[in-house]
Structure formats: C-alpha cells, structure tokens
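Reader: I have a structure to read and would like to go through it by question and answer. Please show it first.

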Amino acid sequence: MLWERLRRNPWVVDVALVAGLLLFGAVWAKRSDNSVAVAVLLAFAQALPLLARRRFPVITLGLVVAATIPLTVDVHALNPLPPFLAFYSVAAYANRRTALLAGIAGLAALIAPILYETDYGFGPFVFHLLVFPAAWVLGDSLRTRRAYYDALEERAARLERERDEEAKRAVAQEQARIARELHDVLAHNVSVMVVQAAAAGDVFDSHPGRAREALRSIEQTGRSALEELRRLLGAVRTEDAELAPQPGLSLLPELVEQVRSAGLAVDLRVDGRPRTLGPGLDLAAYRVVQEALTNTLKHAHASSADVHVLYERGRVELVVADDGVGSANGSGPEGGRGLIGMRERVALYGGELETAPRPGGGFVVRATLPAETT
C-alpha cells in the first residue's frame, strides 16, 4: 500500500531524499579542507539539483558534478551520495544514448582533477572508476526493467481493448442475426396469416367450411410462429433452454404446404442428391426460400410459384420464381429489408444472390451457396 502511494507520488521520495542528503552533507562537510561555510554551500549545491533528477536528469548530473569537482581530489572529504544518485538517475530516466554520453562526460569531469593532482595517488581515481560507473549501470538496469514492465502493461491493456472490441463486435453480429431471424419469422408467418384471414373473410358467409379451414390454418401458423419466436428468444435469455432444431432445407415441404394453405400454388422440385449441409448454411438456405415466398405472398399478386433446389458438386442452387407483377413484388432492387437480409445471409457464406424480373412476367430469385457438408 505504502509502496503504491510512493509510486504515484515520486516527488515525496525526492524531497525526503534531498532533505536527508542536506543533513548528511552538512555533517560530512567537517571532513573537508575548505571552510565550513564553503563546505556546507557545496553540500547544498550537490543535493538540491536532485529534486529535478527525474524530469531533467542530464542537467541534474551536470550541476551535481560541477558542485562535486572541488571535493573530488580529497576522497575523505567527498560526499559520494549525490553524484552516485545523479549518475544513477541519468541512466534511469534519460534515453540510453544520451545517458551514456552524459555519464562519460560526467565521469571525465570528475577524474580530470585527480589526474592533474598527482600527489593524491590512485585511491580517488580507482574510487571514481568503481563507484560512479556502477551507479550508471544500476540506473540503466532499472530503466531496462521499467521499459519491459511498461511494455507488458501496454500489451495487457491492448489485449484488453481488443477483447472488449471483439466482444462488442460479437454482440453486434448477434444482434444483427437475431434481427434477421425475427424479420424472417414474423414477416413470413404474419403474411401467411393475413392472406388466410382475408380469404376466410371472403367466404365466411358463402362457404363456412372453407372459412373454418382457413381459421384452423391461421391457428396452426400462429402456433408455429410462436414456437420459432420462443426458440429464438429463449436462446437469448439462457444457454440451457430446451430448443427445437433450426429449420433447414429438409423442412421445405412443410414451408411449401404452409404457403399453399394461404392460397398460393407452389411447386417444389429437388434435383441432385440431397446432402447434409452445415447448420448455419442450411438455415441460410431455408431463410432465402422463405423470404422469397413471403415477398411473393405480400407483394407479387401471384397465383403460382416454383421452388427449385439443385444440388451440384460443391454448391447448392435455390431458385424461387413466381408469375406475379415482376419487380413490384418487393424482391427487386427496392425490395427493402427482406432483400438486404437475403443478400447478407448469402454473402456470409460466400454465395451469390440474383434477383430479376422474368421475361414472361413475374420475378425470380436465384441464390447459389457453396455446399459445405458436415
């Protein structure tokens, strides 16, 4: 706890350190050959620049070395702590090239008076060569370790940001998937129910039996829609919900029968050898056919539609054609969210979607999907 507070407030450490050095330097000044006043002044000049050692390490080293030079030749009078901390700080807080040049220059400035005053022997010379380079090496080691830890923290922060961004992308993709599913389920089933309700209203008095049959079909369609919605929304609420399997091309006969009950004559034809597709691809293929038939019911004013499923090597082709009013059926370029949803589904699996009016009238939707088997 205390260490973390000191890390967040390094100036507290520096002030306490300089205060201790000033007290120590005043006591140490008695060992100098200079007068006490001069020695105390030099001790203050050595210690005070260390307040800026983190922010201006090179300038701090220069000032401390300048104050230390008069004491250099007298190893007994020299207070080595301030220059030691200055060499340590320049290596710890300056870039390596600058710190190396400043360290060499500072050491040379301290050694030069010793070489000039040969009467003092090699004691001060050896002392300077051992102590101050060691301080520089210690500071450089700390700078390297700090840079390593900073890199680790940056990497951890970057990974956390990437994880958050990936989670946001996953949420957005899931929301888009749910939106597509809701659109397909509601648009198809509600369209079928509206058509059936309109037909029941037309024959309610003249053919009550057919009206009751239409109402039963509406009930069955509504129950089917509720089951699909319950499955879809249950997947959002909980992971261990008991869910029905996702629809696929194997359920096309039920889909076609449901559309037929709404009054549209639909012919289903399957060519090639049916195969088991991946769950996502199978669902996408089913939804394309479902959306195309829904658009035919809602917009085309068609009397019949053909659904053709062709299994070929490496792909499956889906063709839904009707005899309605062409591009006005909502499957054309202005088809809105339904067409966008179909294109998104097909593109997601690397397929192609084509929509165009038929030469003889009506509209055709053709989707080609890669037939990845499981």
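Reader: Is aspartate 14 buried or exposed?

Author: This is a predicted model, in which local features need pLDDT of at least 70, side-chain atom pairs count only at pLDDT 80 or more, and totals for chains, interfaces and linings use all residues. Residues are numbered from 1 along each chain as its sequence is written, and side-chain values use heavy atoms, with hydrogens and water left out. Buried means under 20% relative accessible area, exposed over 50%, and partly exposed in between (1.4 Å probe, protein chains only). Because its relative accessibility is 4%, aspartate 14 counts as buried.

Reader: Which residue forms a salt bridge with aspartate 14?

Author: A salt bridge is a side-chain nitrogen of Lys or Arg within 4 Å of a carboxyl oxygen of Asp or Glu. Here the closest N and O atoms are 2.9 Å apart, and the partner of aspartate 14 is arginine 54.

Reader: How many residues apart are aspartate 14 and arginine 54?

Author: Helices are DSSP runs (H or I, at least four residues), numbered from the N terminus. Aspartate 14 lies in helix 2, while arginine 54 is in the loop between helix 3 and helix 4. The pair links distant parts of the chain, and the separation is 40 residues.

Reader: Is arginine 54 buried, partly exposed or exposed?

Author: The relative accessibility of arginine 54 is 27%. Arginine 54 therefore counts as partly exposed.

Reader: Where is tryptophan 11, and is it buried or exposed?

Author: Tryptophan 11 is found in helix 2. With 57% relative accessibility, tryptophan 11 counts as exposed.

Note on methods. Helix = DSSP H or I, 4+ residues; strand = E, 2+ residues; numbered from the N terminus.
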